[in-house]
Amino acid sequence: MDHRKLLHLFRLLLVYWQASSLVLCGVRHPVPVLWMVPVSSGPDPENMTDAVAPAVRQALKDLQRRPPPLGNYELQLQLLYSQCDAATSLKALFDALWAGPRYMLLFGGVCPSVTSLIARALPAFHLVQVSFVSPSSSLSNRKWYGNLFSTVPSDWALNRAAIKLLQHYKWTRVGVMALPERSKDLMRWLLKENLQVVSTGSLAEDICSSMKKLKENDVRIIIGYFEEDFADEVFCCAYRLNMFGAQYQWIVVGGWSLGRRASGCTSDSLLTASNGTIRLQIRHVRNMKIPEDVQEDTLRRPIQEDSQLTRLAAFAYDAVWVAAKAVSQVMEMVKHREKYHSQRSTSLAQEEIHRMLLEALKHTNFEGLTGKLFYRNGERMATVELIQHQGCDSVMVGDFSTWTQQLDLRTQLLRFNGPGPARDRPVMLLQQLRVPLRVYMVVSSAAALAIILTVTILFLTTVNHKYRRPRSGSQDELLLLGLLLSSSSILVSGLDEASLSSWTSELLCSIRMWTLWVGHTLTFAVIFTRMWMLYSICTHQHQAGRVVLWVVLSDLCVLTSWQLLDPLRWVVLQHGSQTDPTDPDILVQLFSEQCSSANMELWLTAVFGYKGPLLVLGCYLAWSISAVSHPAEGSKGLTLTMFTLTAFSVSGATVSLLTSHNPSLQFCLSSVLILFCHVSTLSFLFPIQTPQPAEEDHEEEEQLEVEEWKSRAAQLDVEIQTLMSQLSESDPQTLLHNSGNKTHRFEFPGLPVEGLQSVLCFISNPCMLW
């Protein structure tokens, strides 16, 4: 091993002697530069250094042929062997700086394990490093590593290309398979662009177990950050776990190829799993233009052989030119200032020269062996190729420029495994549940007929008084108005709010609530008032006061408070999702919109809290009246109306709560209940008048009525005789009458005994007068 190191140092000294011997050919100013070797910590770093040395020697030779001022300066490379150890590298650097001469620049890639430490210390030494290896993502912080420049584009370019590809296809849910130290910069960019990283799999652990976690989390867009050593094993696990095909898309960052490592899968299986994979890589040397300043023999080997060593040699060639151009520019500026400055005897400080060298490197711009070479924010701008694996072929389907930040895709060349690009998640299609137009038209037509019928009855009741019920006052009009409002709410309930503005939709919510509740309140208040009046007469209780007024006022108070404090809004209700039968990857999310408020349950509890007991009380009154032995005329229809109204009110509230997930069903059932209640109320309280019978039939009815009155008169005579006997024993103006378990005392001062017959008729059955 020592013999190989000595031989390696001898070769490098030979390169250094050949480069120094060129000074004899002309007057050139020497510029000392430190060159740290080896250039890599790979399995054979000496071979990689030997591959770079000819490119460096050729670059120095080509620089000698350049005209002034570039040809006036010679880079004298001082070898510094680091042995890929941080302590050894720092000691060698300190010794070189102490021994002199004063160095302006550090050349070489240096081992990755040493690069971060050396690059962090460069500002303290007033040095700038020009490297020809790809800097790791840990060196992306330009505040710490602002003195490091590389001719190789960093992983930043590949990461930006991956981000642009994800954004192009609107993939926002991804997974990552990479080594932890390689994926840090990618993860930072994904989070910065608001892309969701669902799961990450580590290549340092069991690869199949890591990929199984990705599958369990339903990750479909997978970014692989691995080199050639892991490609076979990753795609073998993908084949075994069935993580390929139309539902998956693999994006591999970096160059790789299959078949380099035993994986346990056949080559056909690997090709099947990797089919459609998009690979991101920096554009190769063979795709670059040949600069005019480079000799033809310099390009012969890199073009003929496309390997890591030849690409490294090409980047090393460009690194020598970057350093030479920056140094010559700074030296010319120093020479100009020393010649023409007012203080010509004062030499520039090392800090000033260091600052000028940094600016010169930042403004580097020329056509090199690896393409156009310029920097932005310390990063070399480059072009990233997008190559898709299509069976056994690799097709370049696009490229990404880090300078313009533009992604150019050749969509006609892309071949996906499905009908189109894979989806990053199951597609969620929103489907709103609405009332079908046909259903709305049928129900609205029925409601319109009920409204027309009610308006006709209201007109006849108002205009022609013979249609008015006796002792009803204006209650008939209020009852019909309540029915009209209740049925009118049906016309508003089924309207499609999607075609209306938000303000109009909210207005319709309020109109629907007011028409339904006020209509129900008016109908119930009128029926309840009549029930109470009839019950008071039949049971000799006090009649209720203004029941209609109090019930309506209570309802208006609650509705007004509801409208002002917590107005109704159109809210979205999410229902269950279902799979599209034509595409299992599509989920249909059902939703509906309905009128609601923030405290909907509280307001409904308040309304039901005072209306529920009133409905129960009304049913009790109806039951009590129906139990009377001689009910009044029309009391049967009134009691049936109360029972019907209560039953339909409870059913309507229950249906509205239980069918909120299906607007069409809710609209149909609620409308049917309202219309049935409407029609039944009209049929019970406003029956159709039969035509007057003929004169002969009328005479027969009169005879039947006379006979009935005679039988009643006979019964009354018996009761009168009994009462007369009581009067003969007591005060003639005082009458005792037993009604059930109670004894009623009636006094009639000044009333003759003959007038007691009509009074006794009322006492025996007061409900006959209703």
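Contact here means heavy atoms within 4.5 Å. The structure is a predicted model, in which local features need pLDDT of at least 70 and side-chain atom pairs count only at pLDDT 80 or more, while totals for chains, interfaces and linings use all residues. Residues are numbered from 1 along each chain as its sequence is written, and side-chain values use heavy atoms, with hydrogens and water left out.

Start with the overall tally. The protein has 21 helices and 21 strands, taken as DSSP runs (H or I, at least four residues, for helices; E, at least two, for strands) and numbered from the N terminus. Of its 770 residues, 45% are buried, where buried means under 20% relative accessible area, exposed means over 50%, and partly exposed is in between (1.4 Å probe, protein chains only). Among contacts with a separation of 6 or more, 71% link residues 24 or more positions apart.

On to the cores. A nonpolar core is a set of buried Ala, Val, Leu, Ile, Met, Phe, Trp, Tyr and Cys residues joined through side-chain atoms within 4.5 Å. The largest one holds 48 residues, and Val56, Leu75, Phe107 and Phe132 have the most contacts inside it. Elements giving two or more residues to this core include helix H2 (45–64), strand E2 (73–81), helix H11 (308–340) and H12. H11 supplies the largest share, at 16 residues. Take Val56: setting aside neighbours within four places in sequence, this residue touches Trp35, Leu77, Phe107, Ala316 and Val320. A second, separate core of 35 residues has Ala157, Ile163, Tyr169 and Ala178 among its members. In soluble globular proteins, nonpolar side chains tend to be buried together.

Helix H12 (residues 350–362) is 13 residues long and reaches 18 Å from its first C-alpha to its last, close to the 18 Å expected at 1.5 Å a residue; the expected span is 1.5 Å times one less than the number of residues. Its buried residues include Ile353, His354, Leu357 and Leu361. An α-helix has 3.6 residues a turn, so residues three or four places apart point the same way.

Now for the sheets, where two strands pair if DSSP finds at least two bridges between them. Eight strands make an open sheet in the order E7-E6-E8-E9-E10-E14-E15-E16, and the pairing is mixed. Strand E7 (196–202) and strand E16 (406–409) are the edge strands, each pairing on one side only. From one strand to the next, the twist averages 25 degrees. Strand E15 (residues 393–401) and E16 run antiparallel and are joined by four bridges; Asp399 has Asp408 in E16 as its bridge partner.

Helices cover this sheet too. Helix H5 (residues 155–168) packs on the sheet, with strands E6, E8, E9, E10, E14, E15 and E16 among those touched, and its direction makes about 145 degrees with that of E10. Helix H7 (residues 207–216) lies across E6, E7, E8 and E9 and runs at about 165 degrees to E7. For these angles, axes are lines fitted to C-alpha atoms (for helices, over the stretch in contact), and values run from 0 to 180 degrees between N-to-C directions.

Two bridges join E12 to E13, and Tyr375 stands opposite Arg380 in E13.

Helix H8 (residues 228–240) and helix H9 (residues 267–274) pack at an angle of about 80 degrees, with their axes 8 Å apart. That makes H8 roughly perpendicular to H9, a label for angles of 65 to 115 degrees (under 35 counts as roughly parallel, over 145 as roughly antiparallel, and the rest as oblique). Asp232, Phe235, Cys236, Ala238 and Tyr239 in H8 meet Ser269, Leu270, Thr272, Ala273 and Ser274 in H9.

Most residues other than glycine have a negative phi, and most peptide bonds are trans. The bond from Pro68 to Pro69 is cis, with omega near 5 degrees, and Pro69 lies in the loop between H2 and E2. The bond from Gly100 to Pro101 is cis as well, with omega near 0 degrees. Lys170, in the loop between H5 and E6, has a positive phi near 55 degrees and counts as exposed at 68% relative accessibility. Asp218, in the loop between H7 and E8, has a positive phi of about 60 degrees and counts as partly exposed at 28% relative accessibility.
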